[in-house]
Amino acid sequence: MASRRRMLLKVIILGDSGVGKTSLMNQYVNRKFSNQYKATIGADFLTKEIQFEDRLFTLQIWDTAGQERFQSLGVAFYRGADCCVLVHDVNVKKSFDSLNNWREEFLIQASPSDPENFPFVVLGNKIDVDGGNSRVVSEKKAKAWCASKGNIPYFETSAKEGFNVEAAFECIAKNALKNEPEEEMYIPDTIDVARARQQKSSGCEC
Amino acid sequence: MTSDSSSASLSSDDEEESAGQKPNVDVHTNSIDTSLDAIENQLSSIALNTSIDERSVSPTGYHEPVSEIENGSLRESVRERRRNSIGESSSSIGLGLSRNHLEVEVEVEREADGQLASPSSSGYAGERGSSSSPTSASGTDVIRELRDNGSSIGDDGVVSVDPSQTQWIRGKRHADEDDGSISWRKRKKHFFILSHSGKPIYSRYGDEHKLAGFSATLQAIISFVENGGDRVKLVRAGKHQVVFLVKGPIYLVCISCTEEPYESLRGQLELLYGQMVLILTRSVDKCFEKNPKFDMTPLLGGTDAVFSSLIHSFSWNPATFLHAYTCLPLAYTTRQTAGAILQDVADTGVLFSILMCKNKVVSLVGLQKTSLHPDDMLLLANFVMSSESFRQVFYLYMTSESFSPICLPRYNPMAFLYAYVHYLDVSFYNFFIKKIVIQIEAVLAKSNILNEVQRSLSEGGMRIEDLPVDPSSPNNSGSLFHLNHRKPATNGTVTGVGGPAGLWHFVYRSIYLDQYVSSEFASPISHPHQQKRLYRAYERLYASMHDKGVGPHKTQFRRDENYVLLCWVTQDFELYAAFDPLADKGVAIRICNRVCQWVKDVENEIFLLGATPFSW
């Protein structure tokens, strides 16, 4: 049936530079991790197929560059997104503070029809670093912020160890399933040939 | 005014001079002679290429917004033939269909209650790709068999026996590929449709979902340029051209290394968009306005074959770049009879009715001042011929009628019409006749039209061997059908080397009629691969003759290692002719003159005269 069809979800990943967006994707899609930092230029695109509750999903993941100079893509970039993933580094306070800006910027640019209920997911990444000793953003603090923004799901992740990454992306699919729009009937207008005939014939016959 | 011009071209059959009355539209033997002689003299002075380099011909106008992509994958060599990958095909072949001479009659009727539940409309709810069967060993076998029968693999990887027989592989091919596959990257010509949010809608090769990342990249490129208040039209990357077309929320992209001109590829994208509009109307734009996330792939479910068939026709159907239609050659009275029958149908309140044989028109009757644009006709014929549902109705239920909502992009892109499609099988029509509301079959049978159609199919159309060399000779009967010595066209026999003076092939396009006629293929270009190459050469010729930047050309003569090509454009017609590469220029021009005269002599058998020209 129509509801069994594969769903394609456009997922945008946002966050300050160096919080590990690309590493999370790499871990999730390719199950690989590299300690070397390579800044993303513009954007990267990855595709991942997952199955959730008997439904097949294709995640079209837009991995963006965190640097401000790449933010010029704007509207076109965010248009038609199904989900937005906000990433911060639990060891860098500023990256957590920026989440608000990222969220607002996204809502302005993408202008979704129902901004209050647009599906976000927040990831606190790099929980493995230094055994958690250098951590400055507590889970409690992050969860409080998420709660204040309409109960955004929050996940603590480690791209390096692959911890919680799968669960976070599964949540995206769950969200999409919940928000799946009802199938609308597609009924374009139909030309009434009889009336068209009358109009035509009433015109000049030259 | 329009009817004036068509009667003017008719009257030029007369021996009497009437040029004084209608100097602009009349084509007389004398005027052809004189103008061609004048042209012959001019040719030597016109700075057109008379020698070999094909590429230098492409006018500099093509090169406008050129940028280079530093992407290794796009630069990959694509020379290698993909013989081995042909076997990967996961689609079945409609072998039986092209054997039978199917006729298609399309009538567009006004909506009646309850017709929404037509068999063909169910296609919209269908699962995408459900029409293609999964990979099977038998599918591979069929392909092998085809190849052994003297078929060829074109440079698009298309297995074909005769390009005009639409014997292309139905539906999506190589669905298992994605942008990571080497075979996918080596394909010569890709077509993509995507939404303005970067979601894939259609890809010629490979699975749309697996190409989601690639599709996002295309959207990012288009959007990045758009963000700067500009528009990307073409990217050249080595041998590849990436051509973009933005139609509101729908983006279309072609990536090709076929060396076709930019204008041609862009025209192909326009047709691809038109095909999408024919299936869905432009009301989809509203869906995207309401919801940018909108995924339109379910709406196009089961239409892969329609798009792939259209793309295949870009390499064998000159209508795709001439923007004209072609008729099945028929005796004048036969076509008139068919027209009279269709007129009866049209009088019952339909917008128009057409009788077609494959992609060729037998007759067409429409409301006054309402006629089909040739592009709409092409897209409609392609939709009907390639749609699974129309065929299934024919084979499974032994009836041959169906209704389908369709949209004619050039008539009204926003709304549906209803098409009543009726397949007639010439070979077996006695068995399949059913009592139907419109008893058109019975009428057709009585009138002998079906026999005539079959005769025309077996005897072929204008054969260059029959070109009257001496216009005053008594053999010049002015008809294609009264020549006693005509033999049925036989496939594959190698006799002679084409027509007089090394003439191999020609296409004649009548501007007022929106119609073209092309000669049958002679032995020097009997192979589908050669025919495709010739069409590509015509396509380049057409683009260079119509290039607005360089100015309108009247004639072009070029010689390369494959052919001598001669193109002649006047107010009334365009002639494209191919000769032996060693053909003499003066003789070639004289032969073109004869061809024009010949076309004129038999015009009431090869053209549908009196049909209103394009009017919307």
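Residues are numbered from 1 along each chain as its sequence is written, and chains are lettered from A in the order in which they are written. Local features need a pLDDT of at least 70 and side-chain atom pairs 80 or more, while totals for chains use all residues, and side-chain values rest on heavy atoms, without hydrogens and water.

I begin with confidence. Over residues 199-206 of chain A, however, the pLDDT is below 50. Where pLDDT is low, the predicted coordinates should not be read in detail.

Let me turn to the rings. Over all chains there are 25 aromatic pairs; rings of Phe, Tyr and Trp (its six-membered ring) pair if their centres lie within 6.5 Å, and planes under 30 degrees apart count as stacked, over 60 as edge-to-face and the rest as tilted. Y202(B) and F307(B) have ring centres 5.0 Å apart and planes at 35°, so this pair is tilted. Buried means under 20% relative accessible area with a 1.4 Å probe, protein chains only; Y202(B) is buried at 2%, and F307(B) is buried at 1%.

W504(B) and Y563(B) pair edge-to-face, at 6.4 Å centre to centre and 85° between the planes. W504(B) is buried, at 12% relative accessibility, and Y563(B) is buried, at 3%.

In chain A, ring pairs link F45(A), W62(A), F77(A), Y78(A), F106(A), F118(A) and F120(A) into a cluster.

Methods: pLDDT = per-residue confidence, 0-100. Contact = heavy atoms within 4.5 Å. Buried < 20%, exposed > 50% of the residue type's maximum accessible area, 1.4 Å probe, protein only.
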